[in-house]
Amino acid sequence: MKKIVLTILVIIVIVIGVAASYVKFGLPRVAPATDLHVDATPERIAHGKYLANHVTICMDCHSTRDWSRFSGPPEPGTLGKGGETFDKKMGFPGNFYARNITPAHLKNWTDGEIFRAITTGVNAKGEALFPLMPYESYGKMDKEDIYDIIAYVRSLPSIEHNVPDHTVDFPMNFIINTIPGEAHLVQKPPKSDTLKYGAYLLNASGCIECHTKADKGQIIMDLAFSGGRDFKFPQGVTYSANITPDKKTGLGNWTAEDFVARFKAYNDSTNYPTLKVGQLNTIMPWVMYAGIDTADLRSMYAYLKTIKPISNKVDHFVLAEK
């Protein structure tokens, strides 16, 4: 009887070992990078600049943000250099660093490898990217917009800056390999189709990620856009706003003009002053989103007005107890 039990235990251990090895070394499995060459026309670069700085805000994470000022605006001369830290102190399962995406680092990457990383979460070495990089959202964009972003990134000034390697805690060091998947690219709706175009922009901007509560890193879709997701700072915790059309706790009483004005207020640098000692900041990159085209903001507002209103009163800033 003991031999049978021992045999069963050995088989179980072997099965677990094989499964763990497959997850660790056999995944992620997505299609190889395509043989892609993006024609970096002035038009592509200009539109890619608009997307990367104001819509998909790639430069939000991949630059150095000045957290001593309201909303952490990017420091001049750091666009794309990487190094922004997302660590255990902030609640992440390890220490993660935004990569250098200037030509200094990407010069040996093909356009196809960059495209695959943006849309599937697998880098040039075949390694999984932590989903702090919103590749699931980018994988639902129009390929032409991704091409424009690639053209722009290739045009950035080259900055030599070595970024530390990630350190990933168990079991995330296994789980991370199961997350990347094939892209589900779409054709961008025409701007005249306001609601569909607004939905497209909301996805590209990743608004649902920050404005929805999460459970163990997974957003709770039943609470989509209702806010309350926590972001830890040394001074305390900042909670995201409810942007559903709920009239008491969300945007229900906002007009399109109110919505646009809220963003455009941060075109003025005096509206992101240096913070006082102990004052909580916001992770919301107002300075970057302020550059969204007014018509695009109106489309985003129009779509938000159609989603399910959810009552959720949010206290945005909660200071840590001393």
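Reader: Why does Thr 244 count as buried?

Author: Buried means under 20% relative accessible area, exposed means over 50%, and partly exposed is in between (1.4 Å probe, protein chains only). Thr 244 comes out at 0%, so buried is the word. By the way, this is a predicted model, where local features need pLDDT of at least 70, side-chain atom pairs count only at pLDDT 80 or more, and totals for chains, interfaces and linings use all residues. Residues are numbered from 1 along each chain as its sequence is written, and side-chain values use heavy atoms, with hydrogens and water left out.

Reader: What makes the link between Thr 244 and Asn 242 a polar contact?

Author: A polar contact is a pair of N or O atoms within 3.5 Å; within protein, one must be able to donate a hydrogen and the other to accept it, and residues adjacent in sequence count only if both atoms are side-chain atoms. The side chains of Thr 244 and Asn 242 make one at 2.8 Å. The Thr 244 side chain also gets to the backbone nitrogen of Ile 310, at 3.1 Å.

Reader: Where is Thr 244, and what does it have contact with?

Author: Look in the loop between β7 (236–239) and α11 (256–264). Helices (H or I, at least four residues) and strands (E, at least two) are DSSP runs, numbered from the N terminus. Contact means heavy atoms within 4.5 Å. Setting aside neighbours within four places in sequence, the contacts of Thr 244 include Phe 225, Leu 251 and Pro 309.

Reader: Why is Lys 188 called partly exposed?

Author: Lys 188 has 28% relative accessibility, so it falls between the 20% and 50% cut-offs. You'll find Lys 188 in the loop between α8 (172–175) and α9 (194–205). Its side chain makes a polar contact with that of Asp 145, at 3.1 Å. Beyond four places in sequence, Lys 188 is in contact with His 47, Asp 142, Asp 145, Tyr 197 and Tyr 200.

Reader: How do you know that the span of α2 agrees with its length?

Author: The 14 residues of α2 should span 20 Å, and the end C-alpha atoms are 19 Å apart, which agrees. Buried residues in α2 include Arg 44, Tyr 50 and Val 55, and what covers them includes α3, α7, α9, α12 (286–289) and α13.

Reader: Why are α9 and α13 called roughly perpendicular?

Author: Two packed helices are described by the angle between their axes and the distance between the axes. Axes are lines fitted to C-alpha atoms, for helices over the stretch in contact, and angles run from 0 to 180 degrees between N-to-C directions. Under 35 degrees counts as roughly parallel, over 145 as roughly antiparallel, 65 to 115 as roughly perpendicular, and the rest as oblique. The axes of α9 and α13 (residues 294–304) cross at roughly 100° and come within 7 Å, so roughly perpendicular is the label. Residues making the contact include Tyr 197 and Leu 201 of α9 and Met 300 and Tyr 303 of α13.

Reader: What makes Ile 57 and Ser 71 stand out in phi?

Author: Most residues other than glycine have a negative phi, and most peptide bonds are trans. Ile 57, in the loop between α2 and α3, has a positive phi near 40°. Ser 71, in the loop between α3 and β1 (85–86), has a positive phi of about 70°. Ile 57 is at 10% relative accessibility, so it counts as buried, and Ser 71 is buried with 1%.

Reader: Which peptide bond is cis?

Author: The one joining Phe 170 and Pro 171, with omega about 5°. Pro 171 lies in the loop between β3 (167–168) and α8.

Key. Expected span 1.5 Å × (residues − 1).
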